[in-house]
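Colleague: I have a few "how do you know" questions about this model, if you have a moment. Shall we take them one at a time?

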Amino acid sequence: MRLDYELMNEILTSFLDSEQSTLNIDSFLELYEKDAQKLAHHLIIMEEKGLVIGAFPNGNMGIELECEGLYDFAYGTPWRLTSNGYDFAAALTKTDILTTIKDKFQKEGLSAVIDISKKIAIKQATKLLDE
């Protein structure tokens, strides 16, 4: 399964737009109903890259792989953005960064995309300072 950067952006935006410091699967019911396995896959990848973590002290996201090879969500397990998650989310909100990632870097790994998006965001911010 290829990474879907629009889905990742939608997940990150949900955290940014929330009045709560944590979210759980209830905050993503539309995405869950559309494709629960794709949502789980992307949340796990985002957890591995340190963008989101489980909010309980053990950091568990409450997403488990079942015997049938399908992911299952533990009801009510809270998740939160990390500082890296906020940085990546902020970078994706900058003009054209998501489009650039989809058009030019879709086949790159997530680490490269995170680094590139931060560099583009820094470049845009520097340009604003120079104006």
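Modeller: Gladly. Let me begin with Phe28, which counts as buried at 3% relative accessibility. Please keep in mind that this is a predicted model.

Colleague: What makes Phe28 count as buried?

Modeller: The cut-off for buried is under 20% relative accessible area. Phe28 has 3%, so the residue counts as buried.

Colleague: And Trp79, buried or exposed?

Modeller: Trp79 has a relative accessible area of 2%, so this residue is buried. Phe15 and Phe28 are both buried too.

Colleague: Why is the pair of Phe28 and Trp79 called tilted?

Modeller: Ring planes under 30 degrees apart would be stacked and those over 60 edge-to-face, with the rest called tilted. The planes of Phe28 and Trp79 make an angle of 35 degrees, so the pair is tilted. Their centres are 5.8 Å apart, and the limit for a pair is within 6.5 Å.

Colleague: Which parts of the chain does that pair tie together?

Modeller: Phe28 sits in the loop between α1 and α2, while Trp79 belongs to strand β4 (residues 79-81), so the pair ties together parts 51 residues apart in sequence.

Colleague: How many aromatic pairs are there by this rule?

Modeller: The count is four. One of them joins Phe15 and Phe28, with 6.0 Å from centre to centre and 50 degrees between the planes, which is again tilted. Phe15 is in helix α1 (residues 5-17) and Phe28 in the loop between α1 and α2 (29-48), so this pair links parts that are 13 residues apart in sequence.

Colleague: Which residues form the aromatic cluster?

Modeller: Phe15, Phe28, Tyr32, Phe73 and Trp79 form one cluster.

Colleague: Let us turn to Pro78. Where is it found, and why is it called buried?

Modeller: Pro78 is found in the loop between β3 (71-73) and β4. Its relative accessibility is 13%, and the cut-off is under 20%, so Pro78 counts as buried. Leaving aside neighbours within four places in sequence, Pro78 is in contact with Thr22, Leu23, Asn24, Ile53, Gly54, Ala55 and Phe56.

Colleague: Why is Ala112 called partly exposed?

Modeller: Partly exposed lies between the cut-offs for buried, under 20%, and exposed, over 50%. Ala112 has 30% relative accessibility, so the label is partly exposed. This residue is found in helix α5 (residues 110-130). Ala112 and Ala36 are 76 residues apart in sequence and 26 Å apart in space, C-alpha to C-alpha.

Colleague: Which elements make up the chain, and how do they run?

Modeller: There are five helices and four strands. From the N terminus on, the order is α-α-β-β-β-β-α-α-α.

Colleague: What share of the residues is buried?

Modeller: Of the 131 residues, 37% count as buried. As for contacts, among those between residues at least 6 apart in sequence, 67% join residues at least 24 apart.

Notes: Residues numbered from 1 in each chain as written. Predicted model: local features only at pLDDT ≥ 70, side-chain atom pairs only at ≥ 80, totals over all residues. Heavy atoms only, no water. Helix = DSSP H or I, 4+ residues; strand = E, 2+ residues; numbered from the N terminus. Buried < 20%, exposed > 50% of the residue type's maximum accessible area, 1.4 Å probe, protein only. Contact = heavy atoms within 4.5 Å.
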